Amino acid sequence: VKSAAFDFVRATSIDDVVRLLATEDARVIAGGQSLLPVMAMRLGFPSLVVDVNSVAAMKTLAVEAGRLSCGAAVTQTAFYQAMTEHVPHAELFRALISHIGHDAIRNRGTIGGSICHADSSAEWPALVLVLGAEMQVAGPAGERVIPAEEFFVGPFMTVLEPGELLTHVHIPLTGFTTWGFYEVARRAGDFALAGCVVVADADRESVNEARVALFGCAGVPLRLRELEDLVAGRSWPDALQAVREFRFEHELAGDLHASSEARAHLARGAIRRALTSARDRTDQGEQR
Amino acid sequence: MTHEIELVVNGNQEQLSVEPRVTLADALRGQLGLTGTHLGCEQGGCGACTVLLSGRPVRSCLMLAVQADGDDIETIEGLGRVGASHPLQEAFLQQRGFQCGFCTPGMVMTVLACAREDRNWDEPELREHLAGNICRCTGYDSIVASAAEYLRAQGKWTDSPEGTS
């Protein structure tokens, strides 16, 4: 398992990267934690690999006016360490990141890389979807901003055009008072068999509004709007009962690790546990 | 096209000429002769190739050598030698923390990084942390015992309520 030959350039600015990406079959490398296995297994053969780790503008992380703006080349570890108690809902990000691979992977792997790789069992795509984040993209035609909802189009597929680069992710931190996260995997750090991230405006008694996203269950992360309608305005026991009775609109993915039916069972369990932890968090004065 | 890179490996300044496709692991093993870093899966799954980059563990099979230009790397060879083993290696010896030894360099480097963190570890935390390193022989108990012995000696260990290790 060795990569085919390619050229390599360490870029130092976003303009640099965009210019280099005009090369046919050029690929961006950041942490390389997904790209290098793809290349080693010869599932991908870029002719040029452009390293963005020295692009300072893509390494920034700022919390301002209720939103978090993160450079795409920020590592999972750097992001985790920046989630101090001054950041609203910091624990949500810490809980999620601690489920991504292992320490050694998180030390190299980046936020933008995880989002652009668009593995449907990955955590970040579901998180940006549920939080309504925006993707800031640079390309030959200039900049554009893509809502997370429109970003993921299939397994390992995004709406990014050849030559485009995700530079920043803008994550709103408002509109919810509590959150929950639950992931089922066979071993800590493994790919999720099913996972759920929930953010909700809720108090101890009831859910006002909730947003629910699943990962590891289909070709793309799923936002469960039907279920959200069922739990909105309900007491917690009623909301949890609605999850137990929920039937997925489409069949969930079935594979070697879990049949479609088994995955639906795991997914319902993950949603229930994520919601339960969101409920429990309303007791702990998490609301801000 | 080859690239000229400079990096510090175990405190020694090294200059290498590498093709972009050469991983850090292959450069360490093939060009510097540091074959203590083992290559298991070469796709990030097994952890045998774990080395420290600026003191933090990374998979050396998932990093291009050319990306390590200017970086500081530590490998298992930086720890100790036969007859002058590092206390962490000594703990693995005392607790029989290996059988075939293939995963050992990755385990040792991973635990070394744990011990440098400004925090304490307990057994569940350590086991979860070591989930990124696969061992096919020991069943992990002796590895956990080895790591616990070293972390305890470093004042970085908290016994679990059951006192299992």
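## Aromatic pairs

Searching the whole structure, a predicted model, turns up 6 aromatic pairs over all chains. The rule here takes rings of Phe, Tyr and Trp (the six-membered ring for Trp) whose centres lie within 6.5 Å, with planes under 30 degrees apart called stacked, over 60 edge-to-face, and the rest tilted. One of them is Phe79(A) with Trp124(A), an edge-to-face pair at 5.1 Å centre to centre and 80 degrees between the planes. Phe79(A) belongs to helix 3 (residues 76–82) of chain A and Trp124(A) to helix 7 (residues 123–131) of chain A, so this pair ties together parts that are 45 residues apart in sequence.

Phe79(A) and Trp124(A) are both buried. Buried means under 20% relative accessible area, exposed means over 50%, and partly exposed is in between, using a 1.4 Å probe and protein chains only. Ring pairs also bring in Phe93(A), giving a cluster of Phe79(A), Phe93(A) and Trp124(A).

## Ground rules

Residues are numbered from 1 along each chain as its sequence is written, while chains are lettered from A and ligands numbered from 1 in the order in which they are written. Local features need pLDDT of at least 70 and side-chain atom pairs count only at pLDDT 80 or more, whereas totals for chains, interfaces and linings use all residues; side-chain values use heavy atoms, with hydrogens and water left out.

The arc is taken over the directions from the helix axis to the C-beta atoms.

Helix 10 (residues 236–245) of chain A has Trp236(A), Ala239(A), Leu240(A), Ala242(A) and Val243(A) as its buried residues. Down the axis of helix 10 of chain A, these fall within an arc of 150 degrees, so they too line one face of the helix. On the other side of helix 10 of chain A, Pro237(A) and Glu245(A) are exposed. The buried residues of helix 10 pack against strand 12 (194–202), strand 13 (207–215), helix 9 (225–231) and helix 11 (260–282) of chain A, with contact meaning heavy atoms within 4.5 Å.

## Charges over rings

In chain A, the charged end of Arg281(A) sits over the ring of Trp179(A), 3.5 Å from its centre. In chain B, Arg119(B) lies over the face of Trp121(B), 3.6 Å from the ring centre. To count, NZ of Lys or CZ of Arg has to be within 6 Å of the ring centre and within 35 degrees of the ring normal.

## Where the chains meet

At the interface, 29 residues of chain B are in contact with 30 residues of chain A. The two chains bury about 2400 Å² between them, 54% of it on carbon and sulfur atoms. Within chain B, Arg21(B), Leu62(B) and Gln67(B) lose the most area to chain A, together 26% of what that side buries. Buried area is the accessible area (1.4 Å probe) that two parts lose on being put together, summed over both.

There are 3 salt bridges between chain B and chain A. One salt bridge joins Asp103(A) to Arg56(B), with the closest N and O atoms 2.9 Å apart. The criterion is a side-chain nitrogen of Lys or Arg within 4 Å of a carboxyl oxygen of Asp or Glu.

## Salt bridges elsewhere

Over all chains, the count comes to 17 salt bridges. Arg56(B) also meets Glu117(B) in a salt bridge (3.3 Å, N to O). That pair links distant parts of the chain: Glu117(B) is in the loop between helix 3 (104–116) and helix 4 (123–129) of chain B, and Arg56(B) is in strand 4 (residues 56–59) of chain B, 61 residues apart. Arg56(B) is partly exposed, at a relative accessible area of 24%.

Arg127(B) pairs with Asp141(B) in a salt bridge, its closest N and O atoms 2.7 Å apart. Here helix 4 of chain B, holding Arg127(B), is linked to helix 5 (residues 141–153) of chain B, holding Asp141(B), with the two residues 14 apart. Salt bridges that share partners also join Lys2(A), Asp26(B) and Glu42(B) into one network.

Terms used: Helix = DSSP H or I, 4+ residues; strand = E, 2+ residues; numbered from the N terminus.
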